[in-house]
Amino acid sequence: MLDWQDIQIFLEVARSQRLTDAARRLGLDHSTLSRRTRRFEQKLNTQLFERSTHGYHLTEAGQQLLAHAEEMARHASEAGESLTDKNHQISGQIRLGVTEGFGTWVIAPLLSAFCERHPGVTLDLLALPRVVNLSRHEADLAITVERPVSPGLVISRLCDYRLRLYGSEGYLTRFGRPGRLAELGQHRLVGYVDDLIFSEQLSYLEPLLDPAVVGHPGPHFAIRSTSVTTQHAACLHGAGLAVLPCFMASTSGTLVNVLEDEVAIDRQFWITARQEQRRLARVRLLWNFLREALEINRAFLMGEIRELTLPAHDS
């Protein structure tokens, strides 16, 4: 007979692939988790993990057990959710992964209404300058700029958004305002570090900087950063011109939209969950809430209005 606690420990180590990360998530110390993992293997008389300096990786036997363990975890979660639904109370934890700028400027303000409606739910908002890995159980839901392709995921187009070229009033006073794309070669820019861009959907500037248009040597990048929040701050304080989402730039009164007729870049956000997580009542509630909240903010996301519309707290 398998012990459910052993299964939970096995699952966390398999998902994290690092003992220190799994120990932190489980609230155990490193040595205790190591002993319990070895004891579980001894009980089964089977090696489940290949151990190396790079972490814990499943053996073939471990892969076989993982499929059963995932199914057990899913049934346990669904059982808990079904009982929760009967009491008309939604509770538990939801971990939502989202890109840094969208998470900070849009999702965080919107979530106050969700928290008010469902006080029993704890939200972990992972606003990161990278893609959250659902297959490694880093989150229950993810909002991404590219449509995921991994199997076993429920995927839906969440919303569109627009980006434009901006400069601060101080920068434009000092260096002038470009009147056409060809004049970008005379300006300082703020953008991403090319070889560290986590999605091709973020390569906004490359199509605008055709050498045949802007000439050589081309624009000078004053600051490059992996963080769009850092780019926004640099642009706001006059470091250079930057392509920014309208939902970030429109709330900054001193940023001016330049080359409005030539630079308008439309992108999408996608919402994704693993199939077993999408079945959970609390996850479904958040999924539907986000879709509704972003639908009423379409004009804001497309840069047509300057203020985010917050949902009612008691809907």
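Biologist: Where does Thr 37 lie?
Modeller: Thr 37 lies in helix α3, which covers residues 30-44; helices here are DSSP runs of H or I with at least four residues, strands are runs of E with at least two, and both are numbered from the N terminus. This is a predicted model, in which local features need pLDDT of at least 70 and side-chain atom pairs count only at pLDDT 80 or more, while totals for chains, interfaces and linings use all residues. Residues are numbered from 1 along each chain as its sequence is written, and side-chain values use heavy atoms, with hydrogens and water left out.

Biologist: And is Thr 37 buried or exposed?
Modeller: Thr 37 is buried, because its relative accessible area is 4%, and buried means under 20%, with exposed over 50% and partly exposed in between, using a 1.4 Å probe and protein chains only.

Biologist: Which residues is it in contact with, leaving aside neighbours within four places in sequence?
Modeller: With those neighbours left out, Thr 37 is in contact (heavy atoms within 4.5 Å) with Ile 9, Val 13, Phe 49, Arg 51 and Tyr 56.

Biologist: Switching to helices, at roughly what angle do the axes of α1 and α2 cross?
Modeller: The axes of α1 (residues 4-16) and α2 (residues 19-26) cross at roughly 135° and come within 8 Å; axes are lines fitted to C-alpha atoms, for helices over the stretch in contact, with angles from 0 to 180 degrees between N-to-C directions.

Biologist: Which residues meet there?
Modeller: From α1, Gln 8, Ile 9, Glu 12, Val 13 and Ser 16 meet Leu 19, Asp 21, Ala 22, Arg 25 and Leu 26 from α2.

Biologist: What about the chain overall, how many helices and strands are there?
Modeller: The chain has 12 helices and 11 strands, and 47% of its 315 residues count as buried. Its C-alpha trace spans about 75 × 50 × 30 Å along the principal axes.

Biologist: Last one, which residues does Arg 306 touch?
Modeller: Not counting residues up to four places away in sequence, Arg 306 touches Ser 250, Thr 251, Ser 252, Gly 253 and Phe 300. Arg 306 itself lies in the segment after α12 (298-301), and a polar atom of its side chain lies 2.8 Å from the backbone oxygen of Ser 250.

Conventions
A polar contact is a pair of N or O atoms within 3.5 Å; within protein, one must be able to donate a hydrogen and the other to accept it, and residues adjacent in sequence count only if both atoms are side-chain atoms.
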